[in-house]
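Good morning, everyone, and thank you for making the time. I would like to walk you through one structure, beginning with the chain as a whole and ending with a few individual residues, so please have a look at it first.

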Amino acid sequence: MSGDLDIDITNASLGAFSLAVPGSAPANADSALALIHTTYPSLGNVALEPDNSGASGYVFAASTMQQGVSRETHQVNAAAQEVLAGVSGQGSARVVWVVIGNGTFATALAPIKP
């Protein structure tokens with residue numbers, strides 16, 4: 001750890017979130033993506049693409065680069081970010097989830113995309 005929270009987050013962080021949202025399962029990928037954006041508005045600027053892996057529900061993925069600061073040199077650099085998001089049915093609710101990996105954890109998350 002560098003002692004600087006911003007540097008540590010862009011270089012190696014992982015977040016996973018899921019919420020149960022009342023209602024029936026989305027009818028198609030477009031409505032699933034709209035539900036993801038409604039539930040997690042900050043993902044509105046992430047180019048999520050459908051993943052047709054045969055997973056239950058709807059799954060979307062994005063690989064991006066964001067501006068970061070190197071832990072070693074404290075110089076501005078590009079940091080990888082992987083985003084997986086999806087919607088699946090769970091009884092009378094939908095589970096809307098997202099996993100985001102930055103830096104080291106982005107490269108660790110990339111191979112397990114559904």
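This is a predicted model: local features need pLDDT of at least 70, side-chain atom pairs count only at pLDDT 80 or more; totals for chains, interfaces and linings use all residues.

Residues are numbered from 1 along each chain as its sequence is written, and side-chain values use heavy atoms, with hydrogens and water left out.

The protein chain has 3 helices and 5 strands, where helices (H or I, at least four residues) and strands (E, at least two) are DSSP runs numbered from the N terminus. Read from the N terminus on, the order of these elements is α-β-α-β-β-β-β-α. Of the 114 residues, 38% count as buried, buried being under 20% relative accessible area, exposed over 50% and partly exposed in between, with a 1.4 Å probe and protein chains only. The chain exposes about 6,500 Å², of which carbon and sulfur atoms supply 57%; accessible areas come from the Shrake-Rupley method with a 1.4 Å probe, and for residues only the protein chains shown count as cover. Among contacts (heavy atoms within 4.5 Å) with a separation of 6 or more, 58% are accounted for by residues 24 or more positions apart.

Turning to the strands, β2 (residues 49-51) pairs with β3 (residues 58-69) in the antiparallel sense over 3 bridges, pairing here requiring that DSSP finds at least two bridges between two strands. Within that pairing, D51 has V59 of β3 as its bridge partner. Strand β3 is also joined by 12 bridges to β4 (residues 76-90), again running antiparallel, and there A62 stands opposite V83 of β4.

Which residues does A29 touch, if those up to four places away in sequence are not counted? They are Y58 and F60. A29 itself lies in helix α2, residues 29-39, and counts as partly exposed because its relative accessibility is 27%. Its C-alpha atom is separated by 9.9 Å from that of D51, which is 22 residues apart from A29 along the chain.

Finally, S13 lies in strand β1, residues 12-22, and is buried because its relative accessible area is 17%. Leaving aside neighbours within four places in sequence, S13 is in contact with D8, I100, G101, N102 and F105.
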